[in-house]
Amino acid sequence: MKQVAFVVALCACGSKGNAPIADAPPAPMDTFAFSVTGSIFDQNELPVGSAMVCVLDHPEIPCATSDANGEYVIGLPNLAGDDIAIQVTASNFIGEVLLEEEPATGVAWPTEIPLEMMADAIDELATGAGFTYPGSGGFLELRVMGGTAGVLTGATATLAPAAGAGPVYVGSDGTPDPSLVGTTGDGGILFGNVPAGIYEVTASPGSAGTTCTVSPSGALLVGDWPPEADGATTRVEVADASVTTNVNVICQ
């Protein structure tokens, strides 16, 4: 599973501007409340240039493009209390969607984002999990863990509305295994070829007396999306040709 650094760089850049009309030039950076700097790199920690960084469902926010050093700057309005889905795409890589719950003040943003090369995604999603990739729809990576020992076996997950393929559980060696019927010590669960949209994913523990809850925000996940009562169900957004990665559930 990928590790994402959540280090935020902010600057006060003036008042929030009006949303640009379709096909209008990008809004000047000083029309936004914040600017965030970040970097995109591959699994070998090499920079990824020309990557597009976008906030889904927010057409008023222009996408940013990384330079040859993998660095980018994106302007953001005040999104306090909102839940956002950040998509990063680049040629020869599978896209990535990260879910973030914005704090009451400031901004939460994953400024160091690793992308997975398409060849490695094919090996994991197509060869290992049995999904069609490249193919239609997007993918979801869910991690279910125990609250104390960090290992939970036999947990399951469902997606609502039911769509695409899966779940496929990840073996203890980190490899997807379609023959498995529950989580191993890895805790990974994959759904594939899911049409773009918002879904509810629910985790169920594999042992009696154990309950599952969505982890608090700030631990490589968004909480309930949009916010709901704490529980084993969270909402996630899936985008075409991308994998939604930072969804975690704790069962104890």
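In this predicted model, strand 6 and strand 16 pair in the parallel sense, with three bridges between them. Within strand 16, Thr244 is the residue that stands opposite Val97. Strand 16 also runs parallel to strand 8, and seven bridges join the two. Here Met145 stands opposite Ile250 of strand 16. Strand 16 spans residues 242-251. Nine of its ten residues are buried, so the strand is largely enclosed by the rest of the structure.

The chain as a whole has 16 strands and one helix. It comprises 252 residues, of which 48% count as buried. Contacts between residues at least 6 apart in sequence were also examined by separation. Of these, 67% join residues at least 24 apart.

Helix 1 covers residues 118-128. Its buried residues are Ala121, Glu124, Leu125 and Gly128. Seen down the helix axis, the buried residues fall within an arc of 115°, so they line one face of helix 1. In general, an α-helix has 3.6 residues a turn, so residues three or four places apart point the same way. The face of helix 1 turned away from the buried side carries exposed residues, namely Ala119, Asp123 and Thr127.

The buried residues of helix 1 pack against several strands. Among them are strand 6 (93-101) and strand 8 (138-146), and each of these strands also pairs with strand 16. The other packing partners of the helix are strand 7 (112-117), strand 11 (176-177) and strand 12 (188-194).

Ala129 lies in the loop between helix 1 and strand 8. Ala129 has a relative accessible area of 5% and is buried, because the cut-off for burial is under 20%. Neighbours within four places in sequence aside, Ala129 is in contact with Glu124, Val168, Pro176, Pro178 and Leu190. Pro167 is 38 residues from Ala129 in sequence. In space, the C-alpha atoms of Ala129 and Pro167 are 9.3 Å apart. Just after helix 1, Gly130 takes a positive phi of about 85°.

Aromatic side chains form two pairs in the structure. In one of them, the ring centres of Phe131 and Phe139 are 6.0 Å apart. Their planes meet at 45°, so this pair is tilted. The other pair joins Tyr133 and Phe139, with ring centres 5.6 Å apart. Here the planes stand at 80°, so the arrangement is edge-to-face. Together, the ring pairs link Phe131, Tyr133 and Phe139 into a cluster. Phe131 is buried, as is Phe139. Phe139 has a relative accessibility of 1%. Tyr133 is buried as well, at a relative accessible area of 9%.

The structure holds one salt bridge. Its partners are Glu200 and Arg235, whose closest N and O atoms are 3.1 Å apart. The pair links distant parts of the chain, 35 residues apart. Glu200 belongs to strand 13 (residues 197-204), and Arg235 belongs to strand 15 (residues 233-238). Glu200 is partly exposed, with a relative accessible area of 27%. Arg235 also counts as partly exposed, at 27% relative accessibility.

One disulfide is present. It is formed by Cys54 and Cys63, with the sulfur atoms 2.0 Å apart. The torsion about the S-S bond is about 120°, so the disulfide is right-handed. The two cysteines fall into separate accessibility classes. Cys54 has a relative accessible area of 17% and is buried. Cys63, at 38% relative accessibility, counts as partly exposed. The division follows from the cut-offs, because buried means under 20% and exposed means over 50%, with partly exposed in between.

Note on methods. Residues are numbered from 1 along each chain as its sequence is written. This is a predicted model: local features need pLDDT of at least 70, side-chain atom pairs count only at pLDDT 80 or more; totals for chains, interfaces and linings use all residues. Side-chain values use heavy atoms; hydrogens and water are left out. A salt bridge is a side-chain nitrogen of Lys or Arg within 4 Å of a carboxyl oxygen of Asp or Glu. Helices (H or I, at least four residues) and strands (E, at least two) are DSSP runs, numbered from the N terminus. Buried means under 20% relative accessible area, exposed over 50%, partly exposed in between (1.4 Å probe, protein chains only). Rings of Phe, Tyr and Trp (its six-membered ring) pair if their centres lie within 6.5 Å; planes under 30 degrees apart count as stacked, over 60 as edge-to-face and the rest as tilted. The arc is that of the directions from the helix axis to the C-beta atoms. Contact means heavy atoms within 4.5 Å. A disulfide is a pair of cysteine sulfur atoms within 2.5 Å. Two strands pair if DSSP finds at least two bridges between them.
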